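User: I'm new to this one and would like a close look at a single part, the place where the two chains meet. Please walk me through it and what surrounds it.

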Amino acid sequence: MTMTQQTLLRVAGVTVRFGGLTAIDNVSFDVHPGELLGLIGPNGAGKTTMLRAITGVVRATHGDVTLEGDTLNGLPIHKRIQKGLSLSQQLVKPFREISVLDNVALAAGASRTRSPLKALLHVSQKEEAIIGREMLERVGIAAYADQKPGIQPLGILKRLEMARALALKPKLLLLDEPLAGLNSKEANALASTIADINRQGVTIVLIEHNLGEVMRICQRLVVLDNGRKIASGEPRAVMNDPAVRAAYLGGDTIAEAQQPTLVAAGGKHA
Amino acid sequence: MEYEISLLTSMAISVLFALSLNLITGFCGQISLGHAAFLGIGAYLSALLSKAGLPFLATLPLGMLLAGVIGVVVGLASLRVRADFLAITTMGVGFLFVGIVRQQEWLGGELGVSAIPDSGLSKTGFMLLSLGLCLVTAALCIYIRKSWMGRVFNGVAEDEDTMRVLGIDVPRYKLAAFAIGTALAGLAGGLYAQHLKFIGPDSFGFVESVTVLSMVVVGGIGSVVGVAFGAAVLSALPAWFQFIGDYKLLVYGGLLFLMMRFSPGGMASIVTRVVNSRNKAQGDRT
């Protein structure tokens, strides 16, 4: 990618090892302000681990993650969130005792909850409830504001998770498989919502298995396989890359993909 | 009348003590099986300072301060452990307190501290002071519940990992809960020492920690009114039925078990269930 372009998030040479297993191997990529970047790859490619290294759930063994030039290395999760990251989790985790609106308002109150003392001295949730309602409208579930999350279907909860992440007013929104578990109609609708949110000016990194929707809404892709970055760039070009095709169609390694004769020979023997 | 005044006083102290644990365990979801240690810290400090000549009322804030500071230290040690391991850690703190106090000559050792000087208040005056402080504590708890701090505590109790993702500094909130809860336990301790005029290491052992936890659980974990009611009733029981005093651990431990098994929300949730049975049935499913 062009280095002259402004960078919001920079992942530089990040390696994550769990004991002997290298989950992420020297991966680098940049996220530019305003873009919708798809981070894709087959199962076990290391996408979620990459995301966790960005949010701080796992610590990178090597490499740097910087947001607007500030390093995030060594910071705990909440500090990274306070600096402008926001995560919509793959497994939706609403607080079930409070209403859908209160869930979003809780996130919107980030400035009030930064220190316990400040939190103790403030009671009113009025402003946060207004922001909360706005966010619910943005993701299209304002009608459910006063209900409890426990009884809602997954489609609503996925949108709630996203509204809550948006309420933090992030510089960068990380979406971890928001379409997983939805039927094609719901997935299509939610993907359109994601594209809308991006158009409204939110920079997004989207991890997703649903390639059809990824191709439809993402402006740029980064492809991981076996913990390594194997391609990046404009979606159509990336998907035509032989290495990417091999990764998705079952070639085991990049090496094999680069030696198509070997793969073909193996196929004949089988 | 003398008897009723004394009973009301000890009920008020128990309620205050139970509310202090409710702040940590009920609001913030951090279980503690050693909470009596903080009652003990407040009690010993107040008793010793009173004997040294300090006016009783001046010893109360000092007891709160010391208990709160040690509470934060214990909280710091507890930040890395969760749920059952936290229960074991705090239980260890309880045993540590009793173990240390037993060995210290200047703390009265096995014999404890007796002949604690009078507060200068009449019996009725002291009862009113206890009741007043108990009410202020209950009001504080209700306020905290309504504030942003209460919202965060709720979230930490339900799912602290998600709270981190929402940018919440979870350790600081846990420490805040420990600080406030243990300081209030220290306040209860000061009143306790003054009320009984005698304290010993056994007054603050494991049995007391289980007793106060059962008060919280029986009343309804997290519910201020429920816990106050539960603590008031359970603290009066031994006065009404002599045998309960002899089998404290059995009775309170049994109650704790029964409540956890059949109504984890305590009496508060039984009441809500009866009042609003349909909605509640849905809530429990989730």
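How many residues does the contact take from chain A and from chain B?

Analyst: Keep in mind that this is a predicted model. The contact draws on 24 residues of chain A and 24 residues of chain B. On the chain A side, the elements giving two or more residues are α2 (77-82), α3 (100-108) and α4 (116-121). Of these, α2(A) provides the largest share, with 4 residues. Sort that side of chain A by residue type and you get 13 nonpolar, 7 polar and 4 charged.

Now hop over to chain B and follow helix α5, residues 123-146. With 24 residues at 1.5 Å a residue, α5(B) should span 34 Å, and its end C-alpha atoms are 35 Å apart, so the two agree. Its buried residues are F126(B), M127(B), S130(B), C134(B), T137(B), C141(B) and I144(B). Look at how those numbers step along the helix. An α-helix has 3.6 residues a turn, so residues three or four places apart point the same way. What covers the buried residues of α5(B) comes from both chains: α4 of chain A is included, and so are α1 (2-27), α6 (148-165), α7 (170-196) and α9 (224-240) of chain B.

While you're in chain B, have a look at helix α2, residues 36-51. This helix reaches 22 Å from its first C-alpha to its last, close to the 22 Å expected for its 16 residues. α2(B) is mostly covered, with 13 of its 16 residues buried. Just past its end, G53(B) takes a positive phi of about 110 degrees.

Back in chain A, there's a sheet to find. It's an open one with 6 strands in the order β6-β7-β8-β3-β9-β10, and the pairing is mixed. β6 (85-88) and β10 (228-233) of chain A are the edge strands, each pairing on one side only. On average, neighbouring strands are turned by 20 degrees against each other, ignoring direction. Inside the sheet, β3 (36-40) and β9 (220-225) of chain A pair in the parallel sense over 4 bridges. To find your place there, look for L39(A), which stands opposite V222(A) in β9(A).

Two helices of chain A go with this sheet. Helix α7(A), residues 184-199, lies across β3, β7 (172-176) and β8 (203-207), running at about 155 degrees to β8(A). Helix α10(A), residues 242-249, packs on the sheet too, touching β9 and β10 of chain A, and its direction makes about 125 degrees with that of β10(A).

Key: Residues are numbered from 1 along each chain as its sequence is written. Chains are lettered from A and ligands numbered from 1 in the order in which they are written. This is a predicted model: local features need pLDDT of at least 70, side-chain atom pairs count only at pLDDT 80 or more; totals for chains, interfaces and linings use all residues. Two residues are in contact if their C-beta atoms, placed from the backbone, lie within 7 Å. Ala, Val, Leu, Ile, Met, Phe, Trp, Tyr, Cys and Pro count as nonpolar, Asp, Glu, Lys and Arg as charged, and the others, Gly among them, as polar. The expected span of a helix is 1.5 Å times one less than its number of residues. A residue is buried if 20 or more other C-beta atoms lie within 10 Å of its own, exposed if 12 or fewer, and partly exposed in between; C-beta atoms are placed from the backbone. Two strands pair if DSSP finds at least two bridges between them. Axes are lines fitted to C-alpha atoms, for helices over the stretch in contact, and angles run from 0 to 180 degrees between N-to-C directions.
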